[in-house]
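Visitor: Could you walk me through the charged and aromatic contacts in this protein model?

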Amino acid sequence: MNIALIIAGGVGNRMGQDIPKQFLNVRDKPVIVYTMERFQRCGAIDVIAVVCIEGWETMLRAYANQFEITKLKHIIPGGRNGQESIRNGVEELMRHYGENDVVLVHDAIRPMVSETIIEGCAAATKKYGNAVTIVPCQEAMLETEDGETATKDFPRDNLKRTQTPQGFYLGDLAWAHKEALKRGITNSIASCTLMTNLGERIYFCPGSEKNIKLTTVDDIEIFKALLAAERDEWLK
């Protein structure tokens, strides 16, 4: 069983909009619907679960019905931060599925994830025990202490930029969240950082520059351009 755990529990303050960014409409469709559709169409995914910001659960269910997201089986309350939201999702999944089922944790605001990335992450998770989607660091990296200046660089070949999905066996992810609470780790920014904070080894699977995270208004414009490019390619 491969389960997509889509995290839509955040407010998105950096977007500066009146509604959560995962529910913003782009070309008459909410961002989260684009994301769910990617997993709906992927044959490697059996079940979709969404961790949803409080007060938007009914709207999410209505969108799922409208856009025929038939794989959506669970809508789970969000937490106070990303780590707690994922933990809420994992605890709910443990009530319904087995420890050896694969969970792909994915940001609701990464609506351009491809089927190739999803399938690759699921396959790598089964092979290695976990898999984190990454892209190479192409830019020159500078190290700063004051946030305004730099006097040395950091080797970019030693850096990877992480994306989602991030795949784990459900039992391993449940253990990680319980162990994190025991150790006082309460605000790790991603599943991969939670695992590395616990001393676990992370394996990579390839991502894409198109697999963008919608954090600012500029990202929405890039998303629109990518949608237009996909549409043009289909017309040809």
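What follows is a short chat about salt bridges, aromatic pairs and a surface patch.

Guide: Quick ground rules: this is a predicted model, where local features need pLDDT of at least 70, side-chain atom pairs count only at pLDDT 80 or more, and totals for chains, interfaces and linings use all residues. Residues are numbered from 1 along each chain as its sequence is written, and side-chain values use heavy atoms, with hydrogens and water left out.

Visitor: How many aromatic pairs are there by the rule you use?

Guide: Rings of Phe, Tyr and Trp (its six-membered ring) pair if their centres lie within 6.5 Å; planes under 30 degrees apart are stacked, over 60 edge-to-face, and the rest tilted. By this rule, the count of aromatic pairs is four.

Visitor: What kind of aromatic pair do Tyr 34 and Phe 223 form?

Guide: The ring centres of Tyr 34 and Phe 223 sit 5.2 Å apart, with 85 degrees between the planes. The pair links distant parts of the chain, 189 residues apart, with Tyr 34 in helix α1 (residues 31-41) and Phe 223 in helix α7 (residues 217-235); helices here are DSSP runs of H or I with at least four residues, strands are E runs of at least two, and both are numbered from the N terminus. Given 85 degrees, the Tyr 34 and Phe 223 pair is edge-to-face.

Visitor: Is Phe 223 buried or exposed?

Guide: Buried means under 20% relative accessible area, exposed over 50%, and partly exposed in between (1.4 Å probe, protein chains only). Phe 223 is at 0% relative accessibility, so Phe 223 counts as buried.

Visitor: Which residues does the salt-bridge network join?

Guide: A salt bridge is a side-chain nitrogen of Lys or Arg within 4 Å of a carboxyl oxygen of Asp or Glu, and the structure holds eight. One of them joins Arg 87 and Glu 84, with the closest N and O atoms 3.8 Å apart; both lie in helix α3 (residues 82-94), three residues apart, about one turn of the helix. Another, between Glu 209 and Arg 161 at 3.1 Å, links distant parts of the chain, 48 residues apart. Bridges that share partners make one network of Arg 80, Glu 84 and Arg 87.

Visitor: Which residues form the negative surface patch?

Guide: Patches take residues with over 30% relative accessible area and no salt bridge, joining like charges within 9 Å and nonpolar side chains (Val, Leu, Ile, Met, Phe, Trp, Tyr) within 5 Å. Glu 143, in strand β6 (residues 141-143), is at 36%, so Glu 143 counts as partly exposed. The negative patch is made of Glu 143, Glu 145, Asp 146 and Glu 148.

Technical notes
Accessible areas come from the Shrake-Rupley method with a 1.4 Å probe; for residues, only the protein chains shown count as cover. Lys and Arg count as positive and Asp and Glu as negative; His and the chain ends are not counted. The place of a charge is taken as NZ of Lys, CZ of Arg, CG of Asp or CD of Glu.
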